[in-house]
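Colleague: I have a model open and would like to learn how to read it. Could we go through it feature by feature?

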Amino acid sequence: MKKYPHVNLALGAIIIFFLSVPSYGAPKPDPITSYDSDNDNTIDLAEITKVANDQFTKLESDNDDTLDAKEIGRKLSKKAFLKADPDKDATLSKNEFIALTEAMFTSTDDDNDGTLDDREFKTKKGQALLMLLQ
């Protein structure tokens, strides 16, 4: 290989490139690990509300203190967005976004214990809640 040092250099560059590219097929972070601030292996309403507040701030890009359909993107269906917008102004205020998240939390809590566990997050409703918050 001493005859072709540029081949080694090129191969090294290719390997470094592929190791540094993010994996788009990578699984989403575990919600229990990510959101469980009291380490009880469940997520309660206070924990989900904090995550929702953070997500609202992250999504709200035009500094008008609301989320429109463009800012929500594919995180919420058009039907769900319209349902979450009681004043029909085509935006979600922080209070409306939090109310939506709390309603989704309650709907996902199928054993009505006030917390979500790993099993509940794996349901269709749990996956919809995670889609909104991740």
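**Reading the model, loop to helix**

Modeller: Start with Asp-38, which sits in the loop between α2 (31–35) and β1 (43–44). The model is predicted: local features need pLDDT of at least 70, side-chain atom pairs count only at pLDDT 80 or more, and totals for chains, interfaces and linings use all residues. Residues are numbered from 1 along each chain as its sequence is written, and side-chain values use heavy atoms, with hydrogens and water left out.

Colleague: Is Asp-38 buried, partly exposed or exposed?

Modeller: The general idea is relative accessible area: buried means under 20%, exposed over 50%, partly exposed in between (1.4 Å probe, protein chains only). Asp-38 has 41%, so Asp-38 is partly exposed. Over the chain of 134 residues, 34% count as buried.

Colleague: Which residues does Asp-38 touch?

Modeller: Contact means heavy atoms within 4.5 Å. Not counting residues up to four places away in sequence, Asp-38 touches Asp-44 and Glu-47. For the chain, take contacts between residues at least 6 apart in sequence: 50% of these join residues at least 24 apart.

Colleague: Which phi does Asn-39 have?

Modeller: Asn-39 has a positive phi of about 55°, although it is not a glycine. Asn-39 also lies in the loop between α2 and β1. Its relative accessible area is 64%, so Asn-39 is exposed. Now look at Ala-90, in the loop between α5 (78–83) and β3 (91–93). Ala-90 is not a glycine either, and its phi is positive, near 65°. At 47% relative accessibility, Ala-90 counts as partly exposed.

**Helices in contact**

Colleague: At what angle do α3 and α6 pack?

Modeller: Axes are lines fitted to C-alpha atoms, for helices over the stretch in contact, and angles run from 0 to 180 degrees between N-to-C directions. Helix α3 (residues 45–59) and helix α6 (residues 94–108) pack at about 140°, and their axes are 10 Å apart. Under 35 degrees counts as roughly parallel, over 145 as roughly antiparallel, 65 to 115 as roughly perpendicular and the rest as oblique. So α3 and α6 are oblique to each other.

Colleague: Which residues make that contact?

Modeller: From α3 come Leu-45, Ile-48, Thr-49, Ala-52, Asn-53, Gln-55, Phe-56 and Thr-57. From α6 come Lys-94, Phe-97, Ile-98, Thr-101, Glu-102 and Phe-105. Ala, Val, Leu, Ile, Met, Phe, Trp, Tyr, Cys and Pro count as nonpolar, Asp, Glu, Lys and Arg as charged, and the others, Gly among them, as polar. The contact of α3 with α6 has 7 nonpolar, 5 polar and 2 charged residues.

Colleague: Where is Phe-56 found, and which residues does Phe-56 touch?

Modeller: Phe-56 is in helix α3. At 5% relative accessibility, Phe-56 counts as buried. Leaving out residues up to four places away in sequence, Phe-56 touches Asp-65, Thr-66, Leu-67, Leu-92, Ser-93, Lys-94 and Phe-97. Phe-56 and Leu-67 are 11 residues apart along the chain, and their C-alpha atoms are separated by 7.6 Å.

Colleague: How many residues has α6?

Modeller: The expected span of a helix is 1.5 Å times one less than its number of residues. α6 has 15 residues and reaches 21 Å from its first C-alpha to its last, close to the 21 Å expected. Its buried residues are Glu-96, Phe-97, Ile-98, Leu-100, Thr-101, Met-104, Phe-105 and Thr-108.

Colleague: How do α6 and α8 lie to each other: roughly parallel or roughly antiparallel?

Modeller: α6 packs with helix α8 (residues 124–133) at about 155°, with axes 9 Å apart. The two are therefore roughly antiparallel to each other. In this contact, Phe-97, Leu-100, Thr-101, Met-104, Phe-105, Ser-107 and Thr-108 of α6 meet Lys-125, Gly-126, Ala-128, Leu-129, Leu-132 and Leu-133 of α8. By class, there are 8 nonpolar, 4 polar and 1 charged residues.

Colleague: Which residues does Thr-101 touch?

Modeller: Thr-101 lies in helix α6. Thr-101 is buried, with a relative accessible area of 1%. Beyond four places in sequence, Thr-101 touches Ile-48, Ala-52, Leu-129, Leu-132 and Leu-133.

Definitions and conventions:
Helices (H or I, at least four residues) and strands (E, at least two) are DSSP runs, numbered from the N terminus.
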